[in-house]
Amino acid sequence: MSERSDTPDAWDERTQLTTFLEYARATARAKCEGLSEEDARRAPLPGSPLMTISGLLSHLRWVDHYWLDVVFLGKELEGPLVDETEDDPDPEMRVAVNIPPATLLAEYEEQSERLGRLVAAHDLDTRAVQPIRDGRHVDLRWILLHLIEETSRHNGHLDVLRELIDGRTGM
């Protein structure tokens with residue numbers, strides 16, 4: 001398992017926020033370590049056929065894209081999120097079972113590093129280009145807090161799935 005810490009190197013707001021986000025992301029990656037491809041694609045919850053470790057990892061990768069590339073920077077939506085419909089609200093989770101987990105992890109890591117550089121290049125008070133659902137333009141600080149919450153919440157799902165799949169806990 002890779003070394004991770006939630007204690008920042010400095011106590012300024014940016015460092016604290018980015019440290020907690022990277023800690024949550026590193027935790028998500030750690031929960032995937034040592035899984036077979038078959039186990040990463042298993043959906044052990046009968047009522048949630050898309051709830052797989054691969055699906056959650058893909059979801060986290062594309063959540064980062066949505067909030068930072070689309071909402072914050074105003075870029076075009078891309079990847080599986082383009083195919084979202086009312087009947088298929090989570091295409092990034094559905095298509096993940098066809099992607100090798102190592103590829104999903106590499107894409108998530110690459111996306112995290114790229115977005116880390118993006119965050120470092122902008123003031124926390126910078127407003128997003130695109131509004132959120134209620135019409136407001138959130139700032140980068142809010143987006144970072146949202147990504148910490150989103151990633152941490154899904155780490156709980158990864159905990160449950162991993163325990164159901166192979167009994168491992170506490171990663």
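What do the side chains of R94 and D88 meet in? They meet in a salt bridge, at 2.5 Å from N to O; the term covers a side-chain nitrogen of Lys or Arg within 4 Å of a carboxyl oxygen of Asp or Glu. R94 is partly exposed, with a relative accessible area of 37%, while D88 counts as buried at 17%. Here buried means under 20% relative accessible area, exposed means over 50%, and partly exposed is in between, using a 1.4 Å probe and protein chains only.

Before going further, a word on what you're looking at. This is a predicted model, in which local features need pLDDT of at least 70 and side-chain atom pairs count only at pLDDT 80 or more, while totals for chains, interfaces and linings use all residues. Residues are numbered from 1 along each chain as its sequence is written, and side-chain values use heavy atoms, with hydrogens and water left out.

Back to the charges. The structure holds 15 salt bridges. One of them joins R42 and D39 at 3.4 Å, N to O; R42 is partly exposed at 32% relative accessibility, and D39 is buried at 18%. Another pairs D166 with R162 at 2.8 Å, N to O. These two sit four residues apart in helix α6, so about one helical turn separates them. D166 is partly exposed at 35%, whereas R162 is buried, at 1% relative accessibility. Elsewhere, E13, D125, D139 and R141 are linked in a network of salt bridges.

Now for the greasy parts. In soluble globular proteins, nonpolar side chains tend to be buried together. A nonpolar core here is a set of buried Ala, Val, Leu, Ile, Met, Phe, Trp, Tyr and Cys residues joined through side-chain atoms within 4.5 Å. The largest one has 19 residues, and W67, L68, F72, L140, I143, L144 and L147 touch the most other members. Two or more residues of this core come from each of α1 (13–30), α3, α5 (101–120) and α6; helices are DSSP runs (H or I, at least four residues), numbered from the N terminus. A second, separate core of 16 residues includes A40, L56, A96 and L161.

Take L140 as a way in. Leaving aside residues up to four places away in sequence, L140 touches L68, F72, V119, H122, D123, L124 and T126, where contact means heavy atoms within 4.5 Å.

The largest pocket has a volume of about 520 Å³. Of the 18 residues that line this pocket, V63, Y66, W67, E84 and R133 are the closest to its centre. A pocket is an open set of points on a 1 Å grid over the protein atoms alone, where a 1.4 Å probe fits, with protein on both sides within 12 Å along at least five of seven lines; lining residues have an atom within 4 Å of a point. The volume is the space filled by probe spheres set on the points, which are joined across faces, edges and corners.

Helices α3 (53–72) and α6 (140–166) each supply at least two lining residues, and α3 gives the most, with six. The lining divides into ten nonpolar, two polar and six charged residues.

Methods. Ala, Val, Leu, Ile, Met, Phe, Trp, Tyr, Cys and Pro count as nonpolar, Asp, Glu, Lys and Arg as charged, and the others, Gly among them, as polar.
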